[in-house]
Amino acid sequence: MPTRILFMRLYLISYILFCFVFSSLAAWNFRSGLARISTVSGLLSLLVIYLIIVSTVAFFLAVGFAILTGGRLFALVNFVAAELFFVLPATLLIFSAIVWAAKPPQLPTAALAAASLTLVIAAALLLGTYLYARFIEPYRLQTVFYQIRSDKLAGLDRPLRIVVLADIQTDSVSDYEQGVFRRTLELKPDLILFAGDYLQCPDRKSYLLQAHRLGKMLNELSFSAPLGVFAVAGNCDPRGGSECFDNTAVQWLTDRSTSLDLPKVAIRLTGLSLKTGRSLKAGPAHLLGRLDSATFNIVLSHQPDFALDLPAGHDIDLCLAGHTHGGQIRLPFIGPLTTFSRIPRSQASGSHQVNGTRLCISPGIGMERLWAPRLRFLCPPQIMVVDLMGD
Ligand SMILES: [Fe+2]
């Protein structure tokens, strides 16, 4: 494991311990204040004030520790998650114990019991949310279907099925990924597209081991589709991740196009490099400018940002991408906090009309890891199925 990641984990443990000591001292101080409180509203006010102080201090400590680790945004997310799911529950439990143990005689026992129990319930909810987001939701694989109609596809005898797998992003190829590939084949796709981010390993050695394991798994499953399996580069693998597909049926499609072999309709698939997917201005300008307007043109990219750069009058009918993870963590009423792209948060995943074309973004299969906390919340992993049909 790289030293910087190891240090981040040590800092994380130190942060939690440091906050735990601070919370204990604050709770002890709160105990002295409790003896002077004579009303239930006073008890609640004191409790809220102390909890706000402790959580605010813990937040600024999280920012400080994140800066110590190099100031990465994902490191900050990691420390804030540690505050939310470890520091705050521990603080709530400590304060609950103090409220119940101190039992100041001037306050009604029922009020003390209710306050103590509320703190325990709040701690349990936070811990429960963590356990769900860490161990349950990341593996609640969904299959989502979109239908795309076009008069350019009128010659199709039946819907043409594309399955998009984005952001597998694992550090250990396991039964979960095998289940994803099996389910993909069960969907009987005509075309399978990998939208980047395959492995996120701590070092080169483990990356190559997992890349070999992934390719072997695909071969053992005879992972293929009648019109082919294509992949584009992601941003979390070294060199885009092409090693994952060595000696497999998967074809690498980087800044080039291929025509799909169909008798009555013309469909062209263009795969973008990481650089072009981020910004069309950075990539070969001719790539999307020479497309035939009678052909149904599909563009596959890791990042969806290029769709925002499409010039007026383009001939692109469908854009497929990943990268956003759908935000990975979505808060109720707020939605995803970020898309890590220029795509607006409201379009973090799903099918949207963007810049005169249809843009389908998969929230992905795996999770951001290493610097980031391994969590998915209100944003389960998805196999994205796009059925093309005539209008
Ligand atoms: Fe990703």
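## Report on a predicted chain

With 8 C-beta neighbours inside 10 Å, Ser-222 counts as exposed, and this residue sits in the loop that runs between helix 6 and strand 4 (229–231). The model described here is predicted. Ser-222 comes after helix 6 and has a positive phi, near 50°. Between the C-alpha atoms of Ser-222 and Phe-377, which are 155 residues apart along the chain, the separation is 33 Å.

The chain as a whole has 7 helices and 14 strands, and its C-alpha trace spans about 85 × 45 × 40 Å along the principal axes. Of its 391 residues, 40% count as buried. Among contacts between residues at least 6 apart in sequence, 73% join residues at least 24 apart.

**Helix 6**

Helix 6, which covers residues 204–220 and has 17 residues, reaches 24 Å from its first C-alpha to its last, close to the 24 Å expected at 1.5 Å a residue. Within helix 6, the residues Tyr-207, Gln-210, Ala-211, Leu-214 and Leu-218 are buried. These five cover an arc of only 110° around the axis, and therefore they lie on the same side of helix 6. Lys-205 and Glu-220, on the other side of helix 6, are exposed. The cover over the buried residues of helix 6 includes helix 5 (175–186) and strand 5 (250–252).

**Helices 1 and 3**

Two packed helices are described by the angle between their axes and the distance between the axes. For helix 1 (residues 3–34) and helix 3 (residues 73–102), the packing angle is about 30° and the axes are 9 Å apart. Because angles under 35 degrees count as roughly parallel, helix 1 is roughly parallel to helix 3. The crossing of helix 1 and helix 3 is right-handed. The residues of helix 1 that meet helix 3 include Met-8, Leu-12, Tyr-15, Ile-16, Cys-19, Phe-20 and Leu-34, while on the helix 3 side the residues that take part include Ala-75, Asn-78, Phe-79, Phe-86, Ile-94, Phe-95 and Ala-102.

**Loop residues**

Most residues other than glycine have a negative phi. Asp-167, although not a glycine, has a positive phi of about 50°, and Phe-340, also not a glycine, has a positive phi of about 50°. Asp-167 is found in the loop between strand 2 (160–165) and helix 5, whereas Phe-340 lies in the loop between strand 11 (335–336) and strand 12 (350–354).

| Residue | Other C-beta atoms within 10 Å | Class |
|---|---|---|
| Asp-167 | 29 atoms | buried |
| Phe-340 | 18 atoms | partly exposed |

Phe-306 is found in the loop between strand 8 (296–300) and strand 9 (318–321). Not counting residues up to four places away in sequence, Phe-306 touches Leu-272, Thr-276, Gly-277, Ser-279, Leu-280 and Ser-301. Phe-306 and Ile-343 are 37 residues apart in sequence, and their C-alpha atoms are 9.5 Å apart in space.

Terms used
Residues are numbered from 1 along each chain as its sequence is written. This is a predicted model: local features need pLDDT of at least 70, side-chain atom pairs count only at pLDDT 80 or more; totals for chains, interfaces and linings use all residues. Helices (H or I, at least four residues) and strands (E, at least two) are DSSP runs, numbered from the N terminus. The expected span of a helix is 1.5 Å times one less than its number of residues. A residue is buried if 20 or more other C-beta atoms lie within 10 Å of its own, exposed if 12 or fewer, and partly exposed in between; C-beta atoms are placed from the backbone. The arc is that of the directions from the helix axis to the C-beta atoms. Two residues are in contact if their C-beta atoms, placed from the backbone, lie within 7 Å. Axes are lines fitted to C-alpha atoms, for helices over the stretch in contact, and angles run from 0 to 180 degrees between N-to-C directions. Angles under 35 degrees count as roughly parallel, over 145 as roughly antiparallel, 65 to 115 as roughly perpendicular and the rest as oblique. A crossing is left-handed if the near helix is turned anticlockwise from the far one by less than a right angle, and right-handed if clockwise.
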